[in-house]
Structure formats: structure tokens, C-alpha cells
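Visitor: Please take me through one part of this model in detail. I would like to look at the place where the two chains meet, and then at what surrounds it.

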There are 2 protein chains.
Amino acid sequence: MAMKKLSQAELDAAAERSKAQGRATLKLIKETAKDLKDKIDHRKAPMMRFPVRSLQNVSYGTKKGYFEIGKGIKSRTLSVATVKGFAQTVRMMALSKELIETNDFATKRDAYYQSKNWEEAHFDEQAESDTVMDDIEAMFSMRDVSREQLRFIPDEHGGAVAGSLVVLDPDLETGRVERIDCTRFGSGAYSVPSSVEHLSFETDAKFILAIETQGMFQRLQSHKYWQTANCILVSMGGVPTRAVRRFMRRLADDKKLPVYAFVDGDPYGIGNIYRTLKVGSGNAAHISRFFCVPQTRFLGITPDDIEDYELPTHPLKDVDVKRAEDALRNDPFFKAHPRWGEAISKLVRMGVRAEQQALAKHGLNYVWERYLPEKLAHPEKFLP
Amino acid sequence: MAMKKLSQAELDAAAERSKAQGRATLKLIKETAKDLKDKIDHRKAPMMRFPVRSLQNVSYGTKKGYFEIGKGIKSRTLSVATVKGFAQTVRMMALSKELIETNDFATKRDAYYQSKNWEEAHFDEQAESDTVMDDIEAMFSMRDVSREQLRFIPDEHGGAVAGSLVVLDPDLETGRVERIDCTRFGSGAYSVPSSVEHLSFETDAKFILAIETQGMFQRLQSHKYWQTANCILVSMGGVPTRAVRRFMRRLADDKKLPVYAFVDGDPYGIGNIYRTLKVGSGNAAHISRFFCVPQTRFLGITPDDIEDYELPTHPLKDVDVKRAEDALRNDPFFKAHPRWGEAISKLVRMGVRAEQQALAKHGLNYVWERYLPEKLAHPEKFLP
């Protein structure tokens, strides 16, 4: 496969970008800490500011393409009642600083156990340290710094990837860049690391296909559909983890690729998996700018597909109908797109849902021999 | 890394083994079907036989090393009441035959939707087709054939793998063997496919380290611990899926490697994750022979570790104590190993549990700089 290789200058630029990001984050941490210390030195009450995290403080515009946190701010002032939480927040920021300086990382659990050495500032329960980490994430998100940039990584797998893609991954200690060719994994795949900030990409693929189930991913991978369609396959395994969302976002931004979500035609696939992937969720809108993939469009299964391909269906359950009606009435994303309003209303009228594997009715490989090529001939028809 | 490469003869033998397995499975399916037809042709009532699947029909011997299904058999005779289930079972066997002949595979969901073309024999609910597939699996397990050999694959990811290992994976269509070098994934990893029957291995690793959490796997992988310790790292993500268990089993058998399970020191890590990995579970004992990894020993966290390493703990919940007491009283595996009886009793007396990331109290990398080397110096002390 003739894939455009990154030049040494581009590789160096990518490595430099990663280092510059670390320096910028360090600078922000130091500024924040210095501001607190200055206030204390001048006998003023120091204060930390966080965005308000609720649906009331969220907006959606089709231009940005994802849920955006609003201007609502809450602040916490140092007092006798808040002194322990204050100290813990500062100590957690110091841990982040240390992680960046040593080029290491920590999960939420790691951070909780590290705190056992913080004497009076230690956490008694992980729920407490998780809250402090969430606060720090929210605080720094206002300055365009993600939790992963603070070197706090999720304790989740990152999904599986295969296809026309080379991932460039500099070693933590030596800096030597590993070239990972995702066309060379046989029936297996590339498992995305918990944090992807340090990766660069080479690809000549035309799009990213984000697949709901592992079974469907395995079918397309084993039959090398990525070669036929010149694309990159990503297995989400239900609602995608932070790492796999961030991976797709960075790849799609970097290589100007559209993302097509191939999920079940039901209120969960549409309202949870697809919506979360594309625009984020209400209570986590402060991190949408990092994790949403607004380039995503909906490839399938649509209510029209259920009719056109005569798919076997399941009746909608009460919880499905409730989810659908809630999306139509309250969700800023679906309310902004009349075509989605029509599609969801149609699904509710039909009273049924269809899984992506329902295409197997026409033969196990009908999905990539007929369905996907027919749909991909008209991406302009994809639901937004 | 100087790793012994498989010779062409060995590669050919591996490919031939895979084909021979397919032929043997086809033969068994045809025999089973012919037996049914002969009975019908001679106007006798045909009958299918399945092992009884319950704890009462399970035995554990330390020699075999896993839960074995007993001799209890139930049979189902064709009658007016059973005719539909009978027809569906035969039709599902025909699907398996077709999958082997076309070198393809199907998930449970695929099989359910395929049945929509079986006219009178179609399934109305996936639960029905799942039951028929489970029956066929049980029936063929008595003849040493696994569900994966029947080409029914799980709809689950297969876990992440990194380290001193080359996986050899012949292409479904061309037969060309892909060599996948698991030392070359950077901070990412090799994602195991849903079915692993067709894989071969090259390795000079000394052991397989099976890790409970993705966060711990990421730490050991990013710091290239597999290089330091010359081992293969496997991320289980809780109770390991069928594919990852089968992967470790085949690798451990083939390369005569011990498997060390690095899990939390709590009744769940011991009684569910470790026990299931090593010896299987009661209601699935008919498949233990394929999926258990009896070579596994328990590397951590033990009740002694909690004391020796002064680990932070959580109090045992009622459900933990109940799980532990149940294991001591009823579980054939723990009852066969007095050392386990002592360890679990000690944990209950201490009234606490400790997670593997509790080692982070001593520093984030203490786990691979101190804990693992100290433990690995004395594998003979590992709990059985």
C-alpha cells in the first residue's frame, strides 16, 4: 500500500507539539498555584473557579458541532470548612506536575493510593479523590487543557482498530518512534492505549468506520473490508470509551477524515452511542471540546433502512419509547436537526428497532458486499 | 530480540492442523446428522444426548487441573412436542457445516438473524437460538469440539496483549501468514481476535502475566516491563472473555509457559477472576477443557502481601464475606487446596481487601521496580 509517510520534519514537529503541550500545562499549573499562594501571602482568601456542570449550562450550535459548556461559573473560597478539600486539590495539581515532569501518568485509582502519603491531605475514600480530580479537570478545561494532558488517564481499554493507518508512537523513555501498521494484524487488531495525546498518524484512507459491536468489527476485519473500501475500522463496543473517542477525534482532525457511525437502529444506538460520540453529553459538556467527534455522521441502521432492506425487528420497549421522546423534547442536538426529528418520530411510529446484525438475514456477508457499498455511494444522504 | 522463528515445516503443520480440525468437525456433524436420519428412515425415534450442566455433575481433580463435567447425560427424543427444537438444532448444525466449508464464522446474533430464512424452523427470539447453540456446544463438547471450532464466535473483545511474542495469523481467504510482533505496539497493544483457533506463536518469554485492570496493564506496557522481565502481558479487564482465556490457554500449552495471574486481593479477584481463569465455573464445566488455563498460579495480591507491603485496604463488605465463605464451603477447587483455605480464612479474619493499584502508595512504579521482581524471585511460593 502506498501511504504518504510523514517526513522527519513532520515527525519532529509532532514530537515538539507533544513536548510544548507538556510545558504549557506545567506553566498553567504553576500559574494557578502561584495565584493561590499570592492571595494567601497578601492575607486574602484564595479562590478556585469551576464551570457549572449541568444541562442548564450547556449549549449546542451546529457550527461548533458539539455540546458546549456555558459561562456559568461556581467558585470555592478557602475557609475553615473547605481547607482540606483545598489542600487536596493543590496536592493533586502537584501530582499532575510531577507526572508531566517525569513523563509518567496515573489512573484515578493510582492517584487515590498515592494520596496515602499526603499525611493530613490524604483521601479516606476513592470517591473523594475522584471528585477532586473531576474538579481539576473542569477547572483546567476552561483553559483548554484536558485530563489526559494533566496525565490522568482512564482505567479503560481503548477499543480495537484495523485498516489503512500507520500509528506513530514515541517511546516514553527513549523517544524512539514506533511505526504501527494497522494493515498487518491478520484477524486481530490494534488496541488503542489509554491516552493518545502523543500519537501521530499516516493514512490515505477515505473515512473512519466506527462500529458498535465487536462481532460486526470482526466480520469486516476478517474479510479485510478496510482494503475494499479504503477505510479505517474502529470497534467501539457500545458507548465508546474516552480513549477511543479521543483517538478518532485526533485522527479525524489531523487527517481531515469523515467518521461514519455504524450502529443499531434503536434509541440507544442513536441517542446514546451516536449522540455521545458526535456531540457529547450534558453533564460532561466541559470536556466535549476534547472528546467529541463532530465530523461523525450516521451511516446506519435508519428507520428507512428497516423498510428498504426488509430487516427483522424487535418491538420498541417502553424504555426505548421514553428515551426517544426525551430526545425529541429535550435534547439540543436532535432539536437542532429536523431530519433527526423526523427519523426518530418515524421509528416511534413504526414501534420497532433493528440491530446492525439483522442484515445477516440476507447472508452473513451481505453487510459488506451490498449494504455498506450502497449506503457509501450516497454519504450526502446520511443523517447528520 | 532473538526469537526462535517457526520453520516453514512448522508453519505448514500449523496450517494443516487447522484444516484437519475443520475436516474432523465436518465429519462429526455429518455423522450426527446421518445417525438422526437413519433412525428416521428406520421409523425409530431419533435422539440427541447432552451432558447435564449443573454443579452436581462437576468434579475437580488437581491432576487435570480444571472443573470437569461428569457422566450425567440427558437425552431429547424426537416427538410432536420437540419437533421444532429438533429441526432448529439440525438446521443450526447445517449452518456450522456451511461456515466451516466457506471458512467463515458467525456470532450468536448472526445465527439468530440467519434463521429468519429457515421458514418454519426460524427463531422468534434470540434467547431461543442461543439455547439451541448452547445445546449444540454441549453436545459437541463431549466429542472434544469447541463452539469456536463449530465457527460460532463470541461477540466480545479479546483483551490486549503486549510483549515478547510473535503471533502468526493465516489470512481467511489467501492463507498468507501475517507475522504480528507484539513488541512493536508502542504504548498500544495487540487486540486478540474473537476466535483464536487458527493462530500459532513464536516466543522466548518465560511466563505470561495476566493482569486484572487496564490501568495496571498500561503502566507495565508503557514502561516496557515485558522487556525487563522477558514476559508476555495480557490485559483481562476483569473476568476474562472466552477469547482471551482460550488465547492464553493455547499459548501456554503450545509454548509450555506458566501463567501468573496478577489480580486484586479480594474475594472477587480470587473467587471469580482467578478461579474462572484457572479451573472454569460450575455451570460451564463442559467447556472447561477448552477455556481453562490450569497452568495459572496466583501472583498477587495475597493476604500476606497486605501485611508485608503495608498496603492500604478497604473493609470487606457483607457480599465479600459471603462470597469467601461460599468458596471455602462449596467450591471444589478451593476445598482441594488447603493453602487457599488458609489464605481465604486469613482474609476474612483480617476483614479487609486490597486492590492491585494499592501498591501505588509506595510510588507509581513500585509495582514493577520492587513488588513484581520480589515476588517473581520465588514462584514456588505462589498460591496454587
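Guide: Start with one residue pair. Y190(A) stands opposite Y190(B), which belongs to β8(B). The model is a predicted one.

The β8 strands of both chains sit in an open sheet of twelve strands. Its order is β13(A)-β12(A)-β10(A)-β11(A)-β5(A)-β8(A)-β8(B)-β5(B)-β11(B)-β10(B)-β12(B)-β13(B). The pairing in this sheet is mixed. At the edges are β13 (296–300) of chain A and β13 (296–300) of chain B, each pairing on one side only. On average, neighbouring strands are turned by 30 degrees against each other, direction ignored. Strands of a sheet pair through backbone hydrogen bonds, in either a parallel or an antiparallel sense.

Both senses can be seen here. By contrast, strand β10 of chain B (residues 207–211) runs parallel to strand β12 of chain B (residues 259–262). Four bridges join β10(B) and β12(B). Within this pairing, I211(B) stands opposite F262(B) in β12(B).

Helices pack on the sheet as well. Helix α5 of chain B, residues 214–222, touches β5 (160–163), β8, β10, β11 (231–235) and β12 of chain B. The direction of α5(B) makes about 150 degrees with that of β11(B). Helix α14 of chain B, residues 366–376, lies across β10, β12 and β13 of chain B. Its run is at about 135 degrees to β13(B).

In chain A, the peptide bond from G300(A) to I301(A) is cis, with omega near -10 degrees. I301(A) is placed in the loop between β13 and α10 (303–308) of chain A. In chain B, the bond from G300(B) to I301(B) is cis too, with omega near -25 degrees. I301(B) is found in the loop between β13 and α10 (303–308) of chain B.

Back to the interface as a whole. In chain A, 57 residues are in contact with 57 residues of chain B. The two chains bury about 4900 Å² between them. Carbon and sulfur atoms account for 47% of that area. Three residues, R109(A), Y113(A) and Q357(A), supply 13% of the area that chain A buries against chain B, more than any other three residues.

Next, the polar side of the interface. There are 39 residue pairs in polar contact across it, both residues at pLDDT 80 or more. Which elements of chain A supply at least two residues each to the side that touches chain B? They include α3 (108–114), β7 (177–181), β8 (189–191) and α5 (214–222). By type, that side of chain A divides into 18 nonpolar, 22 polar and 17 charged residues.

Side chains of opposite charge can pair when their charged atoms come close. The count between chain A and chain B is twelve salt bridges. Over all chains, the structure holds 64. One of the crossing pairs is R109(A) with D264(B), at 3.7 Å from N to O. Another salt bridge joins the side chains of K224(A) and D171(B), at 2.9 Å from N to O. K224(A) lies in the loop between α5 and α6 (225–229) of chain A, and D171(B) in the loop between β6 and β7 of chain B.

Three strands of chain B form an open, antiparallel sheet in the order β7-β6-β9. Its edge strands are β7 (177–181) and β9 (200–202) of chain B, each pairing on one side only. Here neighbouring strands are turned by 25 degrees against each other on average, direction ignored. Strand β6 of chain B, residues 166–170, pairs with β9(B) over three bridges. In that pairing, S200(B) in β9(B) is the bridge partner of L168(B). Helix α7 of chain B, residues 242–255, lies across β6 and β9 of chain B, at about 55 degrees to β9(B).

N103(A) has a positive phi of about 55 degrees although it is not a glycine. N103(A) lies in the loop between α2 (83–101) and α3 of chain A.

Note on methods
Residues are numbered from 1 along each chain as its sequence is written. Chains are lettered from A and ligands numbered from 1 in the order in which they are written. This is a predicted model: local features need pLDDT of at least 70, side-chain atom pairs count only at pLDDT 80 or more; totals for chains, interfaces and linings use all residues. Side-chain values use heavy atoms; hydrogens and water are left out. Contact means heavy atoms within 4.5 Å. Buried area is the accessible area (1.4 Å probe) that two parts lose on being put together, summed over both. A salt bridge is a side-chain nitrogen of Lys or Arg within 4 Å of a carboxyl oxygen of Asp or Glu. A polar contact is a pair of N or O atoms within 3.5 Å; within protein, one must be able to donate a hydrogen and the other to accept it, and residues adjacent in sequence count only if both atoms are side-chain atoms. Ala, Val, Leu, Ile, Met, Phe, Trp, Tyr, Cys and Pro count as nonpolar, Asp, Glu, Lys and Arg as charged, and the others, Gly among them, as polar. Two strands pair if DSSP finds at least two bridges between them. Axes are lines fitted to C-alpha atoms, for helices over the stretch in contact, and angles run from 0 to 180 degrees between N-to-C directions.
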